[in-house]
Amino acid sequence: MKRIVVVGASLAGLRAAQTLRANGFDGRLVLIGDEPHPPYSRPPLSKQLLAGTMTAGDCAFELGDLDAEWMLGVAATGLDLDRREVILDARERCAFDGLLIATGCSARPWPGVPLPPSRDVYFLRKLDDALGLIEAASTARHVVILGGGFIGCEAAAALQGIGREVAIVDIAPYPMTALGAELGAVCAELHTEHGVALHLGVTAESFELRGDRITAVRLTNGTRLPADLLLVATGAQPNTAWLRDSGLTLDPGVVCDATCRAVGAEAIFCAGDVASVPSSLVGGEPLRIEHWTNAAEQAILAAANMLAPEGDRMPYEAVPYFWSDQYGIKIQSAGLPSAADRQFLLEGSVEGRKFIIGFSRGPHLIGVVGFGLPRHMPSYRRQIAAQARVAELVRS
Amino acid sequence: MKVKVDLQLCESHGECCFVAPEVFTLDDNDELVWTEEPEEALRAKVVQAAAVCPTRAITVEG
């Protein structure tokens with residue numbers, strides 16, 4: 001291979017590029033990213049950056065002496081598999097011998113009633129989103145957050161911490177539904193204790209405006225929430241629209257084999273939020289994981305596999321891991337708690353807010369969620385990876 | 001090979017402990033403890049641990 005193109009210049013793209021060089025690739029290496037910024041770490045955007053304890057500069061990744069050509073602020077808009085070219089901004093073409101797709105996710109559009117034509121409406125996915133939100137929050141008094149998932153909850157905690165009145169609205173009966181009802185209830189308590197108002201089982205019905213400024217959100221139960229800043233945090237969706245007519249199989253991620261190679265394509269590999277890869281944790285079902293560590297781990301493996309002869313390629317077998325920081329508590333999740341059929345206490349106590357809950361599917365440990373107990377997590381992650389039986393768990 | 005960890009950045013995620021348990025562990029106070037000069041055979045694991053650290057607290061020298 002003489003020329004490898006990496007589409008997506010965030011964590012996965014960067015780790016892939018670094019791995020390609022570390023593993024001896026000495027041809028041309030091109031990184032294409034649609035944001036104008038060099039790679040930066042996204043998790044602080046909804047945490048430390050909003051809270052004011054980190055700056056945009058603190059989020060930038062060290063690029064070291066990486067030998068690569070950067071095309072930033074350039075969007076890939078198509079892929080021509082026959083000519084082996086990426087189409088850029090619907091005009092230019094960039095030829096490749098090997099292609100690594102790492103285009104990540106964007107914020108999922110609000111699925112409810114039309115959002116108001118107001119400059120007070122924000123999403124939170126990119127650095128520029130965060131910087132705009134921070135500026136708006138500096139003068140806002142009442143923040144309404146549509147969506148009680150991780151981004152919504154983290155933003156609520158951070159904005160409450162800088163003195164804003166915050167309300168979260170979610171159609172679900174508890175926040176952070178990915179953790180299940182019991183832990184969702186613990187999260188709800190945390191927010192309530194800190195003065196964040198939770199409006200659950202309801203959604204926005206209409207918005208009140210004065211000119212182009214938002215003044216209130218009306219909910220489906222009749223509640224009127226004063227608002228001068230609206231944050232829409234309703235999840236993420238994979239950036240695969242540019243591949244729609246490419247011939248690659250989308251589900252909506254890019255369907256890959258276990259080695260992260262795009263099914264049906266030569267020398268095209270995927271990593272991060274866009275990659276749909278069979279997982280042995282769920283009996284070979286495809287899994288698309290939108291977590292920071294997955295982007296890093298999968299990119300390293302996908303890049304190594306791209307350079308390896310077919311027989312030497314390794315399957316992706318990482319245990320998913322993500323974390324959240326809210327009100328000074330580190331919440332950590334490993335494995336696939338949402339795929340479990342049973343849950344049980346492994347460490348600590350829920351009342352004491354320091355605990356680890358185990359999740360099993362059949363006889364096997366499939367996930368753990370920890371609140372404020374980081375030291376026990378690595379051991380359980382290893383046991384999830386080993387598909388340990390619950391009856392034989394080694395407690396730490 | 002020398003392993004440096006910026007404990008100001010470390011948030012005890014335990015990624016490194018998962019990837020390279022021979023080198024990194026968390027103590028009873030959730031603080032990271034690590035071998036500063038691990039044997040060369042562990043280089044690949046240590047480099048991987050640095051690459052997947054969510055707070056970019058680990059650097060590998062030499």
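Q: Is strand β26 of chain A mostly covered or open, and how many of its residues are buried?
A: In this predicted model, β26(A), residues 364-371, is mostly covered, with 7 of its 8 residues buried, where buried means that 20 or more other C-beta atoms, placed from the backbone, lie within 10 Å of the residue's own. Strands here are DSSP runs of E of at least two residues and helices are runs of H or I of at least four, numbered from the N terminus.

Q: Which strand do 7 bridges join to β26(A)?
A: That is β25(A), residues 354-361, which runs antiparallel to β26(A); two strands pair if DSSP finds at least two bridges between them. The two form a hairpin with 2 residues between them, and G362(A) in the turn has a positive phi of about 60°.

Q: And what does β23(A) do there?
A: Strand β23(A), residues 329-335, is antiparallel to β26(A) and joined to it by 5 bridges. A334(A) stands opposite V368(A), and V368(A) is also the bridge partner of G358(A).

Q: Changing topic, how many residues of chain A are in contact with chain B?
A: There are 16, in contact with 16 residues of chain B, contact meaning C-beta atoms, placed from the backbone, within 7 Å. On the chain A side, α7(A) gives the most, with 5 residues.

Q: Which element gives the most to the largest nonpolar core?
A: The core has 140 residues, and α7(A) gives the most, with 10; such a core is a set of buried Ala, Val, Leu, Ile, Met, Phe, Trp, Tyr and Cys residues joined through C-beta atoms within 7 Å.

Terms used:
Residues are numbered from 1 along each chain as its sequence is written. Chains are lettered from A and ligands numbered from 1 in the order in which they are written. This is a predicted model: local features need pLDDT of at least 70, side-chain atom pairs count only at pLDDT 80 or more; totals for chains, interfaces and linings use all residues. Two residues are in contact if their C-beta atoms, placed from the backbone, lie within 7 Å. A residue is buried if 20 or more other C-beta atoms lie within 10 Å of its own, exposed if 12 or fewer, and partly exposed in between; C-beta atoms are placed from the backbone.
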